[in-house]
Amino acid sequence: MSGGGGGEEEQHLPGVSSASGSAAGTAGGRATPEMKRSAVRSLIQRYFHQLQSGCGNAHCSNANCASSGKVAPMTPNEVAARALQLFSQDAQLCEPSTSAASSPQDVDMLSPNDSSSSSSGSSTSTITSASTTTTTSRQSQSVPAAVVVAVASSNPVQSAPQLDLGGVEPSSGDSEPCTPTLPAVQSLDANSLMALYEQCRAADSYDRICHAIGEVFSSVDRLSKSFIRSAEPAASSSLQELLANPPEALNKEQLRTLEGEHDKDEDSTQQVEEVEATDDGVANACAGPEAETEAEPEEEDEDVPMAQPTETTAEDDPPQSSDTQVDLPGLRRVQRLLFGCQTRAITDKLTNSVIQLAEWVHYMRPDWEKVIHCLVICFDLATNTNNSVVDMDYLDRVLPKLCHVAASMPVPAQARLARIWAAHCSDQLQALVAACQQQITLQVLLDEESMRENGSIISVTKVLKIVFYANILASELERPSCRVPLEDRTETAATSASGSGAVEDDLFAYNSVLQPHMPKFAEDQLEKALQVSAIDCRRPLVPLEEFYNEALSENIQMHHDYLSYKTLAMESEIGSGQTNYFSFMLYAFILTPATKVDALYYDSRMRMYSERYTSLYSMLNNFGQEGQDGTPRPDLKLTVRRDQLINDALIGLELVAMSNPKDLKKQLVVEFVGEQGIDEGGVSKEFFQLIVEEIFNPAFGMFIQQEETNNMWFNATPFENGAQFTLIGIIIGLAIYNNVILAVNFPMVVYRKLMGYCGTFADLNDWSPALYKSLKSMVDYQGQDMEEVFDQTFKISYSNVFGEMVEHELVPNGKEVLVGQHNKQLFVNLYSDFLLNTNIQQQFNAFRKGFEMVTDESPLKLLFRPEEIEMLVCGSREFDFVELENSTEYEGGYTDETQIIQDFWSIVHAMPNESKRKLLEFTTGSARVPVGGLKCLRLLITRHGPDSDRLPTSHTCFNVLLLPEYSSREKLEERLMKAINYSKGFGML
């Protein structure tokens with residue numbers, strides 16, 4: 001025993017040098033990490049002895065003490081796991097009696113692979129052979145000899161003799177053994193486990209396979225050596241030779257041969273105890289990682305780097321590698337065998353063992369590379385299922401535990417796991433997504449009120465993020481990435497502006513580099529580690545929509561989640577390293593677009609209120625002072641004339657953008673000259689609808705309409721200057737900021753460019769399908785006569801806004817360069833870049849600047865992908881009035897069973913789509929369907945008096961339809977159609 005405080009409490013664990021205890025005892029009272037770990041180790045050891053040997057008090061009433069007689073028989077691994085659990089629960093700990101403290105039977109926690117030449121308590125671990133025995137009768141009963149189960153042969157029949165665990169007789173002793181006397185198993189592989197299963201089935205007893213599964217699947221060290229892919233034949237013969245030799249002390253090179261690490265070139269003169277302490281069994285579950293922990297200076301799991309092998313070659317850096325040694329085909333054969341057998345004891349043992357392993361990793365600090373190997377095995381067992389009762393039981397009990405382990409890993413380890421899944425388990429990703437979604441949905445239904453505090457939901461969500469990026473890595477990616485760094489975009493914009501003489505563009509006091517789009521705390525570290533983005537993925541292996549969780553999104557209470565997000569932002573600003581807050585906004589892939597719109601709405605409203613309070617404070621502070629005529633308004637007010645809408649709006653916004661761009665983030669209030677309408681949202685909707693119609697009119701000259709797709713595109717030779725495009729960008733940003741849907745038809749590449757990506761050849765498919773098809777046929781053509789067949793040079797021609805053909809050379813002297821097999825990809829890339837980027841660079845840069853002047857501080861880019869931003873701007877394409885009927889509410893005596901209401905909906909469902917759009921515009925102020933569909937509209941129909949000749953009216957600000965109780969269905973239809981066809985302008989009722 002080594003002395004920190006003497007006595008039983010200071011006994012060391014196997015695998016931990018006694019020097020550490022001495023060092024802790026001489027720290028001079030200062031609480032060093034070694035002292036803390038020593039105290040934890042001592043407590044866990046006391047719990048272990050209490051469970052295994054008891055306190056010696058014959059009248060003990062502690063249910064967790066062996067002396068009380070209430071502790072069920074357990075294997076050493078189970079005792080160790082239970083000791084960890086009691087430690088985490090701060091359970092009752094008995095004081096040992098004098099006889100128990102001095103009993104020779106109360107020995108250190110020895111693993112099945114530990115040997116002791118004497119009872120002096122030497123803590124140096126060694127690897128023993130099957131013939132090694134212990135020195136005391138108590139040890140000979142409770143600690144079996146070690147048996148290595150690691151076979152490289154692919155023939156199960158040949159593997160069987162090495163797995164013959166029979167014939168091991170229990171050692172005789174004075175007292176009854178407290179644990180089974182089956183030999184310990186250091187590792188398993190598919191063939192050996194299947195052979196053992198056949199032996200057990202023939203003997204009609206599955207104790208040995210249950211014991212082997214319990215020994216391996218509850219230990220990180222042992223499971224990390226299991227299910228290794230078959231090595232080269234030379235290595236296999238070397239392994240067989242080592243197994244055939246008589247037991248002796250193995251050097252490092254031989255040990256690594258047993259573990260499958262044939263590429264290590266180590267000094268073969270060093271002994272095994274200098275490499276690692278292979279504390280299998282009980283000590284592996286309790287004390288194995290402590291020796292590794294003492295060598296690490298950090299205290300938090302998040303800061304622990306991935307453990308590296310002793311030597312790492314440059315070409316196989318584990319954090320950057322996607323390789324794994326797991327024998328996945330063999331593992332899946334084992335899964336089908338074990339989960340398909342009729343004996344539940346095997347799967348129950350497997351389930352319990354994996355749970356023990358997960359709990360052990362949670363409390364200890366293991367080698368993350370070993371943990372990754374174990375997680376690949378256990379997750380594959382969980383997802384490669386057949387939906388049977390046994391499979392689902394394993395899935396429901398084990399998956400949350402595995403997710404808790406994976407979520408606690410450092411980012412480099414999570415990135416490594418994502419790469420492995422992408423490279424080797426892509427066929428299981430969809431099943432893994434479905435399993436995670438099932439767990440999240442179940443937990444949401446069980447705990448709707450506190451989802452952000454539910455540890456299971458948080459852990460599974462974090463694992464789903466790893467799966468999300470694994471799915472992207474396994475899909476078709478755009479390489480190299482088309483993302484343009486922010487600084488490069490700004491420099492390009494400045495160069496293009498100066499080169500074209502667009503001095504008007506400099507009137508706006510805004511610099512996007514000084515306004516980062518993503519808070520530091522919100523940056524996705526896993527995305528940075530993997531150097532990949534969802535926008536780089538053109539066709540994901542698993543559709544990204546399958547990562548949405550409807551139950552979570554519907555019950556999330558987004559205003560609470562947004563407050564958590566803002567709290568995280570504030571803690572990040574003050575430099576707080578620890579936080580108890582969690583926000584699903586940082587895991588936006590799991591939220592439906594409708595829920596993300598709610599988050600954006602709360603963010604916009606918070607900023608509007610902030611600007612309003614700032615303006616009101618300024619007004620109060622300057623009240624009564626002379627020369628303060630320019631006191632800022634608490635809102636952004638635009639007064640416009642219907643016949644001069646464009647000029648009034650652009651001039652008003654230009655004045656604001658030039659003087660103080662922050663005023664653009666105030667709540668927009670629109671007033672039409674000569675009209676009595678008060679803007680509570682409905683007037684703004686009509687303003688945006690009217691101004692968009694005029695701005696995107698081809699006669700205005702800023703945008704052109706592509707006949708093939710009916711999309712709007714930037715005019716390469718506009719009549720207006722760059723400042724006008726900036727103002728149009730401001731209008732689009734204001735529409736998003738004020739939660740207004742626009743009738744804008746941009747190709748998808750516009751939204752990708754707004755997210756910071758440049759247009760590429762793949763974007764031509766949406767921009768001009770005919771051109772894309774033509775260029776694609778050129779790329780796919782493999783004939784050597786390409787120059788003669790296509791007769792295409794690097795000079796292209798296109799039509800401008802006046803219908804004139806304009807020529808452009810993609811390379812110097814391009815008219816002389818023919819397109820052939822050697823340069824066809826360069827041609828299509830340059831062609832695409834010219835059409836989508838270079839030709840409209842000045843116009844788009846000005847447009848993006850205006851857009852970002854409004855949205856730069858919002859979480860828009862954090863929450864939305866390009867296709868979701870398109871939905872945010874243009875609305876949903878789903879036009880389902882049945883959803884609208886189901887979500888409509890009634891007031892004033894109307895119900896869904898009132899005759900006039902039933903007549904109203906029968907008339908509406910019989911309308912053509914054009915009339916339905918007019919009705920939607922009449923009642924809500926917009927003909928566009930909001931994100932999430934018409935069920936999100938919340939229409940209210942209220943009774944507006946008895947039968948009369950009055951037309952139906954509406955409050956578009958609040959989506960309210962005022963409907964008189966007409967006497968007949970015919971009158972209702974006539975009055976309603978007249979109202980929706982002749983509605984324009986606002987008045988006071």
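Me: Buried denotes a relative accessible area under 20%, exposed over 50%, and partly exposed the range in between, computed with a 1.4 Å probe on protein chains only. The model is predicted: local features need pLDDT of at least 70 and side-chain atom pairs count only at pLDDT 80 or more, whereas totals for chains, interfaces and linings use all residues. Residues are numbered from 1 along each chain as its sequence is written, and side-chain values use heavy atoms, with hydrogens and water left out. Is Ile472 buried or exposed?

Reply: Ile472 belongs to helix α20, residues 455–473; helices (H or I, at least four residues) and strands (E, at least two) are DSSP runs numbered from the N terminus. Its relative accessibility is 0%, so Ile472 is buried.

Me: Which residues does Ile472 touch, leaving aside those up to four places away in sequence?

Reply: A contact means heavy atoms within 4.5 Å. Val532 lies 60 residues from Ile472 along the chain, with 7.9 Å between their C-alpha atoms. Ile472 touches Val532 and also Leu477, Ser533, Ala534 and Cys537.

Me: What fraction of the residues of the protein chain counts as buried?

Reply: The protein chain has 40 helices and 14 strands. Among its contacts with a separation of 6 or more, 76% join residues 24 or more positions apart. The chain has 989 residues, and the buried fraction is 51%.

Me: What is the mean pLDDT of the protein chain?

Reply: pLDDT is the predictor's confidence in each residue, from 0 to 100. It stays under 50 over residues 232–316, where the model has 166 contacts beyond four places in sequence, and also over residues 496–505, where there are 13 such contacts. For the protein chain, 71% of residues reach 70 or more, and the mean is 74.

Me: How many disulfides does the structure hold?

Reply: A disulfide is a covalent bond between the sulfur atoms of two cysteines; here it is assigned to a pair of cysteine sulfur atoms within 2.5 Å. The closest cysteine sulfur to that of Cys210 is in Cys200, at 7.7 Å, which is too far for a bond. For Cys378, the closest is in Cys374, and 6.4 Å is again too far for a bond. The number of disulfides is zero.

Me: What is the phi of Gln531?

Reply: Most residues other than glycine have a negative phi. Gln531 lies in the loop between α22 (525–530) and β4 (537–539), and it is exposed because its relative accessibility is 65%. Although Gln531 is not a glycine, its phi is positive, at about 55°.

Me: Where is Gln557, a residue with a positive phi near 55°?

Reply: Gln557 is partly exposed, since its relative accessibility is 32%. Gln557 is found in the loop between α23 (550–555) and α24 (558–574).

Me: What is the area of the nonpolar surface patch that includes Met619?

Reply: Patches are made of residues with over 30% relative accessible area and no salt bridge, joining like charges within 9 Å and nonpolar side chains (Val, Leu, Ile, Met, Phe, Trp, Tyr) within 5 Å; a salt bridge is a side-chain nitrogen of Lys or Arg within 4 Å of a carboxyl oxygen of Asp or Glu. Met619, in helix α25 (residues 593–621), is partly exposed at 34%. Areas follow the Shrake-Rupley method with a 1.4 Å probe, and for residues only the protein chains shown count as cover. With Tyr609, Tyr613 and Leu616, Met619 makes a nonpolar patch of about 380 Å².
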